[in-house]
Amino acid sequence: MASPLPKDKIPVFFEDTSVAFASKSDSRLRKTYWLFSLMNQARVVNLGTFFLKLALKLHLPIKNLIRVTIFEQFCGGETISECDDTINTLGKSGIGTILDYSVEGEGSEASFDDTAQEILNTINKASQSEHIPFSVFKITGVASSELLEKVQRKERLSDQEAELFSKARQRVENLCSHAHKLNVRIFVDAEESWIQGIIDELAYEMMEKFNKEKAIVYNTYQLYRHETLDALKGAYLVARQKGYVLGGKLVRGAYMEKERLRARENEYFNPIHVNKEATDSDYNSAIDFCIENLHHISICLGTHNEYSCQYCAAKMEKLGIDKKDSRIWFAQLLGMSDNISYNLAKANYNVAKYVPYGPISAVLPYLMRRAEENTSIAGQSSREFLMVKSELKRRGISSL
């Protein structure tokens, strides 16, 4: 991993809570304080998620409770239009919005078509707003994960399966083509390793078609996998050979426990790095590689890691790259790491927030993951909680 940056060489700092929470009223800040204080307790999170799932299954009237707590913290609304207030609030602070339709597919062709149409709607919305720099979608939102896995394993498909895969590929192309037509950049999100290979293939196929002049389609690189850094470099070489710009969203990864469990159960080599230090090293090496080849790569750093954001900013300054260079973006999730997002934006970097939306019952799996991740990631919920607590103290108001 790169050596720690000297303090006088760090272009942006993230400790200023007055900037991080400037958009929150006192009452909203208190609510955030109590939410993170609960999420800071693993037992409470585990019990809470269990009872929420049970209550929804029994059709108990708890949607309003979810709406004014965890949904309000991490989601923009149930529909695109309900996200307008969030889009405008972020925009006033110089932060863009990435509308993320977070409904998990039912696995039917009808649901895949519905999801594809909703993503088209987000692309249309982005084309009409200066505050929406990207659209995003998951391949499994428009295609069967079982079918993708079968294709990745290069198993023979039945005629019906071949037809379904052709339809899935067409949905992906329709989305990317529409984004290209309206000049909207679009992320292809990363997923599990047993389907990531075919997702990569589809993403590069779309890049070859639509990234001739600049990056429209972005693939996502999970740097917690030990082969991803080399895969990124290989993708760059192929893009140069074929004459298109590589678009890359750099993340650490989101399926660690699932990957380790499956590798253990199926007795194959775990694709995840053995420790966080190795992941951090690859992540920052990926930043180096991309910025040093910026004429042919555009990137977005999807990260809540303060050091990596500072490392990238320092690299930009060292190479004389403008903070507003459209080929470099930073992104965090709505409701998390506001100290990073708002301080980067105040320092004039390109920043966006992922803003999930969808019907409350349908996005509940996403919300559960946010709560569980805040508890499982070392120090994550504590860090968020302590920053909110610090801002309450700075304002001279109580948490009650």
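Reader: What is the handedness of the crossing of α8 and α9?
Author: The crossing of α8 and α9 is right-handed. Please bear in mind that this is a predicted model.

Reader: At what angle do these two helices pack, and how far apart are their axes?
Author: Helix α8, residues 159-181, packs against helix α9, residues 193-210, at an angle of about 40°. Their axes are 10 Å apart.

Reader: Which residues make the contact?
Author: On the α8 side they are F165, R169, V172, E173, C176, S177 and H180. On the α9 side they are I198, L202, E205, M206, K209 and F210.

Reader: And α2 with α4: at what angle do the axes cross?
Author: The axes of α2 and α4 cross at roughly 95° and come within 11 Å. Helix α2 is therefore roughly perpendicular to α4. Helix α2 contributes R28, K31, T32, L35, F36 and M39 to the contact, while α4 contributes V68, T69, I70, E72, Q73 and F74.

Reader: F36 and F74 form an aromatic pair; what is its geometry?
Author: The pair is edge-to-face, with 6.3 Å centre to centre and 85° between the planes. F36 lies in α2 (residues 26-39) and F74 in α4 (residues 63-74), so the pair ties together parts that are 38 residues apart in sequence.

Reader: Are F36 and F74 buried or exposed?
Author: Both F36 and F74 are buried.

Reader: How many aromatic pairs does the structure hold?
Author: The structure holds 12 aromatic pairs. One of them is formed by Y33 and W34, whose ring centres are 5.3 Å apart.

Reader: Why is the pair of Y33 and W34 edge-to-face?
Author: The planes of the two rings stand at 90°, so the pair of Y33 and W34 is edge-to-face; the cut-off for that class is over 60 degrees.

Reader: Where do Y33 and W34 stand in terms of relative accessibility?
Author: Y33 is buried, with a relative accessible area of 11%. W34 counts as partly exposed, at 41% relative accessibility.

Reader: Which residues form the aromatic cluster?
Author: One aromatic cluster is formed by F134, F187, Y218, W329 and Y354. F134 also has R185 over its face, at 4.6 Å from the ring centre.

Reader: Over which ring does the charged end of R252 sit?
Author: The charged end of R252 sits over the ring of Y283, and the distance to the ring centre is 4.2 Å.

Reader: Turning to α7, which of its residues are buried?
Author: The buried residues of α7 are L147, L148, E149 and V151. Just after α7, K154 takes a positive phi of about 60°.

Reader: In which helix is S145 found, and what does it touch?
Author: S145 is found in helix α7, residues 145-152. Leaving aside residues up to four places away in sequence, S145 touches T140 and I195.

Reader: What is the relative accessibility of S145?
Author: The value for S145 is 30%, so the residue counts as partly exposed.

Reader: How far is S145 from A190 in space?
Author: The C-alpha atoms of S145 and A190 are 13 Å apart, and the two residues are 45 residues apart in sequence.

Note on methods: Residues are numbered from 1 along each chain as its sequence is written. This is a predicted model: local features need pLDDT of at least 70, side-chain atom pairs count only at pLDDT 80 or more; totals for chains, interfaces and linings use all residues. Side-chain values use heavy atoms; hydrogens and water are left out. Rings of Phe, Tyr and Trp (its six-membered ring) pair if their centres lie within 6.5 Å; planes under 30 degrees apart count as stacked, over 60 as edge-to-face and the rest as tilted. Buried means under 20% relative accessible area, exposed over 50%, partly exposed in between (1.4 Å probe, protein chains only). Helices (H or I, at least four residues) and strands (E, at least two) are DSSP runs, numbered from the N terminus. A charge sits over a ring if NZ of Lys or CZ of Arg is within 6 Å of the ring centre and within 35 degrees of the ring normal. Contact means heavy atoms within 4.5 Å. Axes are lines fitted to C-alpha atoms, for helices over the stretch in contact, and angles run from 0 to 180 degrees between N-to-C directions. A crossing is left-handed if the near helix is turned anticlockwise from the far one by less than a right angle, and right-handed if clockwise. Angles under 35 degrees count as roughly parallel, over 145 as roughly antiparallel, 65 to 115 as roughly perpendicular and the rest as oblique.
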